[in-house]
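Subject: Structure handover

Hi,

Here is the structure we talked about. Please look it over before reading my notes.

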Amino acid sequence: MTNDEVIRANTDNLMSKYWSDAIKRLTPYVPGEQPKESGITKLNTNENPYPPSPKAAAVINGFDTAKLRLYSDPDCTQLKDSLAEHFAVERKNVFVGNGSDEVLAHTFAAFFQQDHPLLLPEFTYSFYPVYCNLFDIAYQQVPLGDEFKLNLDDYSQPNGGIIFANPNAPTSRAIELGEIETLLTRNTESVVVVDEAYVDFGAQSAIELTKRFDNLLVIQTFSKSRSLAGMRVGYAIGHEDLISGLECVKNSFNSYPLDMLAIESCSAAIQDTAYFEETTQKIISTREWTAERLSELGFINLPSKTNFLFSRHRFLEAAELMGYLRSKKILVRYFSKPGIDNYLRISIGTQEEMQLFIDTLEQHPDLLKL
Ligand SMILES: Cc1ncc(COP(=O)(O)O)c(C=O)c1O
């Protein structure tokens, strides 16, 4: 839907006479399907196929429910301290929120309402423009290069902030740390946000750079590499002035965004490095295996540093393939946006799930003919 169509649809809605004007012009983000039926192989929302760390599970299973009578710690000190220790920063450099989506929302509100537009890649996490509309932030989409390559030289122009995901989503490509450092050296007057939701699957984190550049904010999540999407916890690392900007927004919105279980289980999860390494390595090797099988079946995959592949077939249309897989109870993500509308975004599941995915594709009537 275009924005005008959304305004019209929202205005036609019977309830809309009660809506404020600002809400009538919003185009909400549409998350990937969370099916209610059983027997589905879910490769559509980049969740981790492995359970959370046994140490996090032990915290949840042993949780004393009597404690829930009280509010959770509004400062989330235990979790901030665990994150600070893990990333060798101080507590004052850490912000936590209800999923990195909430951390992102506060980031947009805190830093990006400026005279110049926010710069973001043309194809990236589609929640960014939604936040721009919500907070009335002007933005400019910067085209990606060949095969969706992010070129940070294109961001050397007046701006009210810069945000990109590294690795980018849904394109799965990563850029080198040196490129981010060069951007930061040139861009000193606005906040640069690197969304590292997928960084643990083979890319380099920019967290070290936050110690040298006070305008860099790095955002990560427990939803992907830590297998805790359902717990809804994300965090940001940056200079204390940026963190206190985020705290200012958070404390003007919700004092207690994380519940006790989230604080305690994520604190245990971040400390379990052995389990984290084992599961991320398994996902990386299954990703490489899946990419090879897909190439043999005539797919072209972008080089992925994430827990998903962004792939198109040489002859078959992505929308048709998505429908075929759906009919076989396998969900993958498809975006109808021109420019990426012939690609499928395929989350990496267990080796068994990916074997089923490949076996199912091999049974596609048009692939059998090739
Ligand atoms: C690039 C990117 N950033 C942020 C998020 C939000 O993750 P969460 O709110 O689960 O932390 C996602 C979710 O898929 C994502 O793809």
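This is a predicted model: local features need pLDDT of at least 70, side-chain atom pairs count only at pLDDT 80 or more; totals for chains, interfaces and linings use all residues.

Residues are numbered from 1 along each chain as its sequence is written, and side-chain values use heavy atoms, leaving out hydrogens and water.

Ligand first. The residues around the ligand (a heavy atom within 4 Å) include Asp101, Tyr125, Asp195 and Lys224. Ser223 sits at 2.6 Å, Tyr198 at 2.7 Å and Arg232 at 2.8 Å. On its own the ligand has 400 Å² of accessible area (Shrake-Rupley, 1.4 Å probe), and the protein covers 92% of that.

Next, the helices (DSSP runs of H or I, at least four residues, numbered from the N terminus). The axes (lines fitted to C-alpha atoms over the stretch in contact, angles from 0 to 180 degrees between N-to-C directions) of H10 (residues 273-296) and H12 (residues 351-362) come within 10 Å and cross at roughly 10 degrees. That makes the two roughly parallel (under 35 degrees). Contacts (heavy atoms within 4.5 Å) involve Trp289 and Arg293 in H10, among others, and Phe357 and Ile358 in H12, among others.

Finally, the backbone. The peptide bond from Asn166 to Pro167 is cis, omega near -5 degrees. So is the one from Ala169 to Pro170, omega near 5 degrees. Cys76 is not a glycine, yet has a positive phi of about 50 degrees.

Best wishes

Key. Angles under 35 degrees count as roughly parallel, over 145 as roughly antiparallel, 65 to 115 as roughly perpendicular and the rest as oblique. A polar contact is a pair of N or O atoms within 3.5 Å; within protein, one must be able to donate a hydrogen and the other to accept it, and residues adjacent in sequence count only if both atoms are side-chain atoms.
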